[in-house]
Amino acid sequence: MIGLKSTLNVIDNSGALIVECVNVLKNKVNNGWGSVGDEIVCVVKRARPVPAALQASSTAVKVRQGDVRRAVIVRTAKSVRRPDGRVIKFDDNAAVLLNNKREMLGTRIGGIVSADLRMKGWGKIVSLAPKVL
Amino acid sequence: MLSGLCRGLARSMSTATAPYPFSKVAIIPPAPAAPPAALRQGKGLMPYLQRTLPSPEKQKLLDTLFSRRHPDRLLPGSVLTVILNHAPTTFSGVLLSIRRRGPDTSFVLRNVINRTGVEMQFFVSSPHVKEIKVVQGAGGSGGKQGRRMRRAKLFYLRDSPEKMSAISAGIKN
């Protein structure tokens, strides 16, 4: 249940560390709350310092504190039901940053993701994750 | 409503082995046994459902692993592995709680994977649950048998990762 002001950990290597949700897209369906597999608009609250070499190059993606980006939720602390009745919940909320065309900004994912992503159409993220549960 | 249920049962029993006319590959399960006389009068519906709803293999699981008094029952704090019919095929974890509701019995396993805690709740009567294996019990006083937990629901383990690692210390996964 990710809504306004919810914080999520970022588990890809885009450079952001913590993002805060500002808006859940497609919220006519889910009453304003986001769950695994939903796209959100978020603000980067804390980011890794951009190394000097990267700062010089103009082609690399630079995620800084205060950026407004899109992300997809990959783990929620709120339990999620699977179609066979199982219930899964994680210890934290996590997201992966995206650009406006629903493509990932980072290149690697460091952490487990929920298998519900596959059902919502994020197969690329599921294939990059080290562990899917 | 109950008389309608009995009429429907009687009807399905009368057509026990008639082939299904609309499909050759449809699987028709065998009709359930005749309801006892007491059930037809509306007595004892819930105990009847508790005996008949789960399949015989699941009923055996419920009677041994999830009963309250059986000597081989599961104790909270034991480490289990659940084998499912579909991917991901196995999930291991510490048993945090058992929720006993007859056919609706379920249990919660907690594990820490890639530094993130994951909890999964499995329903015993689900056809997807193929097998439940006990990796480490929780009956004895430590060592291979595992420490006996003094609580039925171990939700305090969510806040203490050191106690979680103490439980899983002796296991080679």
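**Close-up views of a predicted two-chain model**

**View 1. I125(A) sits in helix α4 (residues 123-128) of chain A.** Helices (H or I, at least four residues) and strands (E, at least two) are DSSP runs, numbered from the N terminus. This is a predicted model: local features need pLDDT of at least 70, side-chain atom pairs count only at pLDDT 80 or more, and totals for chains, interfaces and linings use all residues. Residues are numbered from 1 along each chain as its sequence is written, chains are lettered from A and ligands numbered from 1 in the order written, and side-chain values use heavy atoms, without hydrogens and water. I125(A) has a relative accessible area of 2%, so it is buried. Buried means under 20% relative accessible area, exposed over 50%, and partly exposed in between (1.4 Å probe, protein chains only). Beyond its neighbours within four places in sequence, I125(A) contacts V72(A), V74(A), V96(A), M104(A), I109(A) and L117(A). Contact means heavy atoms within 4.5 Å. V74(A) is 51 residues from I125(A) in sequence, yet the C-alpha atoms are 8.9 Å apart.

**View 2. D84(A) lies in the loop between β5 (80-81) and β6 (87-90) of chain A.** D84(A) counts as buried because its relative accessibility is 18%. Its side chain makes a polar contact of 3.0 Å with that of R86(A). A polar contact is a pair of N or O atoms within 3.5 Å; within protein, one must be able to donate a hydrogen and the other to accept it, and residues adjacent in sequence count only if both atoms are side-chain atoms. Leaving aside neighbours within four places in sequence, D84(A) touches chain B at H86(B), S126(B) and H128(B).

View 3. Two strands pair if DSSP finds at least two bridges between them.

**View 4. Strands β1 (residues 79-84) and β2 (residues 90-99) of chain B run antiparallel.** They are joined by 5 bridges. T81(B) stands opposite S92(B) in β2(B).

**View 5. F22(B) is found in the loop between α1 (2-14) and α2 (37-40) of chain B.** Its relative accessible area is 70%, so F22(B) is exposed.
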